[in-house]
Amino acid sequence: MIIKHFTDNDLYKYSVMLAIQRLYPWAYVKYEFTDRGMAAYPEGFAEELKKEVEAMATLRMSKEEKEYIKDKCYYLDPVFIDFLEGYRYDPAEVLIEQKKGELKITIEGYWYRTVLWEVPLLALVSELYFKMTGIHPQETKEKAIAKARALNDLKADFSDFGTRRRFSFDVHDTVMKAFKENAGEYFKGTSNVYFAMKYNTTPIGTMPHEWFMFHGAVFGYRSANMKALEAWVDVYQGSLGITLTDTYTTDSFYHSFNLKQAKLFDGVRWDSGDPLTFTDKTIRFYEENRIDPVSKTIVYSDSLNLERVKEIKEYVNGRIHDAYGIGTYFTNDVGANPLNIVIKLAQVKLNINKPYLYAVKLSDVSGKHTGNQEEIRLSKQTLNIP
């Protein structure tokens, strides 16, 4: 059994789960798996993955995990935490198929339940792939220590965002231990709730793209960002205040991001496109709204490595608070070629009796657009995006 702990998942899945339950408890959705690198999965992979998914039905939140969440995740209410204690994964929500080397995964069910599958499923696919192809990690501890010390020297605030595409749980564990012992004050935490608990650090995360994708599909693309942010504030009242900008492109986001939201949210997260251009756009937006950029944060989180962090940090040069959420480079830099895999919201409906609506994500790089192609074309036309 690969996933052994209920909280071996990213914080943002729990935070959005609460928001869904509070506002859209009847919403019904479908997620789809995409392998952007088109890896060939070994024969029998789907059957082994099904066994792992079935085993997840036995996961339970432990008393230690519950007490940790109550203590550290103060923005999650006690009713929701009790719900998590009683939550059980339902393997019937996951359909896994394999045709030769091609893997297909679909998740379907009530959104408030199915939202937890994405991250552990991706971690399962990644670890199982390397296990079945006989690839072994190299220099895990040495590389992690070197990165921790280098980021410490750069004085770069950084967090681990590496659950989804990690080589394995054990590699992730080794990396976290190395960071805790060698990174000093600049290691700010991890998106993984279990490892945050194990290593007594901060669980990091706010909201995912799917939150905006749902609002775009249901309420329309012109109002998606505004609706999504207002709904988030209704639930969290100012907590968890870092927002994504690129679900329907950053330019579109800043057209709708108003003064009230700009003051209320602590900052934004860069997740696609050019980080230097994004930095200038963000600083300019705050200055035009008479907000001191130094009081705000940009979390950089797309395909980062040491060289990229150094480049961005030198460019920012103290003009805004910069922080770095680093994933694959931390947890799958062990001599293997990491899988380029995602699970994205594909279709949504406000209740089970309504017809499905397509959910799409544009991002600031056209190659990362996901979803139905005709719906992508419609969303771009609606938002006047070339």
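Two rings of Phe, Tyr or Trp (for Trp, the six-membered ring) form a pair if their centres lie within 6.5 Å; planes under 30 degrees apart count as stacked, over 60 as edge-to-face and the rest as tilted. By this rule the structure holds 41 aromatic pairs. The model is a predicted one, in which local features need pLDDT of at least 70 and side-chain atom pairs count only at pLDDT 80 or more, while totals for chains, interfaces and linings use all residues. Residues are numbered from 1 along each chain as its sequence is written, and side-chain values use heavy atoms, with hydrogens and water left out.

**Aromatic pairs**

| Pair | Centre to centre | Angle between planes |
|---|---|---|
| Tyr74 and Tyr75 | 4.9 Å | 70 degrees |
| Tyr129 and Phe130 | 5.3 Å | 80 degrees |

Accessibility is classed by relative accessible area: buried is under 20%, exposed over 50% and partly exposed in between (1.4 Å probe, protein chains only). Tyr74 is exposed because its relative accessible area is 62%, whereas Tyr75, at 14%, is buried. Tyr129 and Phe130 are both buried. Ring pairs also join Phe6, Tyr14, Tyr28, Phe80, Phe83, Tyr87, Tyr89, Tyr110, Tyr112 and Trp117 into a cluster.

**Nonpolar core and selected contacts**

A nonpolar core is a set of buried Ala, Val, Leu, Ile, Met, Phe, Trp, Tyr and Cys residues joined through side-chain atoms within 4.5 Å. The largest one has 125 residues, and Leu49, Trp111, Leu121, Val125 and Trp211 touch the most other members. Contact here means heavy atoms within 4.5 Å. Apart from neighbours within four places in sequence, Trp211 is in contact with Val16, Ala19, Ile20, Leu23, Tyr24, Trp111, Ala228, Ala231 and Trp232.

Helices (H or I, at least four residues) and strands (E, at least two) are DSSP runs, numbered from the N terminus. Asn225 belongs to helix α11 (residues 224–236) and is buried because its relative accessibility is 3%. Not counting residues up to four places away in sequence, Asn225 touches Phe212, Tyr248, Ser252, Phe253 and Ser256. Ala39 is placed in the loop between β1 (28–35) and α2 (45–55). The C-alpha atoms of Ala39 and Leu103 are 8.8 Å apart, although 64 residues separate them along the chain.

**Cavity and pocket**

On a 1 Å grid over the protein atoms alone, a cavity is a set of points where a 1.4 Å probe fits but cannot get out, and a pocket is an open set with protein on both sides within 12 Å along at least five of seven lines; lining residues have an atom within 4 Å of a point. Grid points are joined across faces, edges and corners, and a volume is the space filled by probe spheres set on the points.

There is one cavity of 30 Å³ or more.

Two or more lining residues come from each of α12 (250–256) and α14 (275–288), and α12 gives the most, five.
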